[in-house]
Amino acid sequence: PPVKAKKDKPWFNQECRESRHAVSEALKYEKLHRSQNSAACLSEARRMYSNTCRNAKRLHEIHTTERKIEAANIDKTKVWNLVKSKESTALQVPMTEMITHFEKLLDRGEISFPANVPQATVSELDKPITNEEIITVLSAKPNRKAAGNDRITYEALKTAIGVILTPLQCLFSLILFSGS
């Protein structure tokens, strides 16, 4: 299906339209004057338009969620308190409980390994990570993807592989053997 333009989205309100109009006016001014001032105005108008649309979308999502909660006759405060508690806290489960939980699942047959994957022995899994493994994994990663929290893209890692391969191998092996 064709991609909808922002103006066709349900959250695209009057404020978004006005902000989009300001961008088109700034663009006309920039084309006419071609100065640092006009470029700065255009940049600011685009930034404002982006923020306005982002905020309108968030508000629309909140209102939609609230309507769904009301339609289901659920206490709104309980739902939002639950959401807020999940956003701000990390789940703290002792490692022994996690191991016990997954062992029980495995014993009950709820977790199974695919038939075409051979069972690896502990000694095979405890082998040091090799440079070839790192190169294989890194080369399989897609390009043109957003960086994670570390702000390092796959392209940057692939480009710097000659410099970072040995330190990465040491780091991964240290993590594997120390467990942290």
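Author: Happy to. Let's begin where helix 1 begins: N13 caps its N-terminal end, with a side-chain oxygen 3.2 Å from the backbone nitrogen of E15. Keep in mind that this is a predicted model.

Reader: Thanks! Which residues does helix 1 cover, and how far apart are its end C-alpha atoms?

Author: Helix 1 runs over residues 14-33, which is 20 residues, and its end C-alpha atoms are 29 Å apart.

Reader: Where is R17, and is it buried, partly exposed or exposed?

Author: R17 is in helix 1 too. Its relative accessible area is 36%, so R17 counts as partly exposed. There is also a distance to look at here: the C-alpha atoms of R17 and C53 are 9.2 Å apart, while 36 residues separate the two along the chain.

Reader: Let's change topic. How many salt bridges are there in the whole structure?

Author: A search of the whole structure gives three. As background, side chains of opposite charge can pair when their charged atoms come close.

Reader: What does E25 pair with?

Author: E25 forms a salt bridge with K28, and their closest N and O atoms are 3.5 Å apart. The two are three residues apart in helix 1, so about one helical turn separates them.

Reader: How accessible are E25 and K28?

Author: E25 has 36% relative accessibility, so it is partly exposed. K28 has a relative accessible area of 54%, which makes K28 exposed.

Reader: OK, and which residue does R34 meet in a salt bridge?

Author: R34 meets E30, with an N to O distance of 3.8 Å.

Reader: Then which side chains make the salt bridge with the 2.5 Å N to O distance?

Author: Those of R47 and E44. Both lie in helix 2, residues 36-71, and they are three residues apart, about one turn of the helix.

Reader: How accessible are R47 and E44?

Author: R47 has a relative accessible area of 42%, so it counts as partly exposed. E44 is partly exposed as well, at 36% relative accessibility.

Reader: One last thing: which residues make the nonpolar surface patch?

Author: L171, F172 and I175 make it, and the patch is about 230 Å². To place one of them, L171 is found in helix 8, which covers residues 161-178.

Reader: And is L171 buried, partly exposed or exposed?

Author: L171 is partly exposed, because its relative accessibility is 41%.

Key
Residues are numbered from 1 along each chain as its sequence is written. This is a predicted model: local features need pLDDT of at least 70, side-chain atom pairs count only at pLDDT 80 or more; totals for chains, interfaces and linings use all residues. Side-chain values use heavy atoms; hydrogens and water are left out. Patches are made of residues with over 30% relative accessible area and no salt bridge: like charges are joined within 9 Å, nonpolar side chains (Val, Leu, Ile, Met, Phe, Trp, Tyr) within 5 Å. Accessible areas come from the Shrake-Rupley method with a 1.4 Å probe; for residues, only the protein chains shown count as cover. A salt bridge is a side-chain nitrogen of Lys or Arg within 4 Å of a carboxyl oxygen of Asp or Glu. Helices (H or I, at least four residues) and strands (E, at least two) are DSSP runs, numbered from the N terminus. Buried means under 20% relative accessible area, exposed over 50%, partly exposed in between (1.4 Å probe, protein chains only). The expected span of a helix is 1.5 Å times one less than its number of residues. A polar contact is a pair of N or O atoms within 3.5 Å; within protein, one must be able to donate a hydrogen and the other to accept it, and residues adjacent in sequence count only if both atoms are side-chain atoms.
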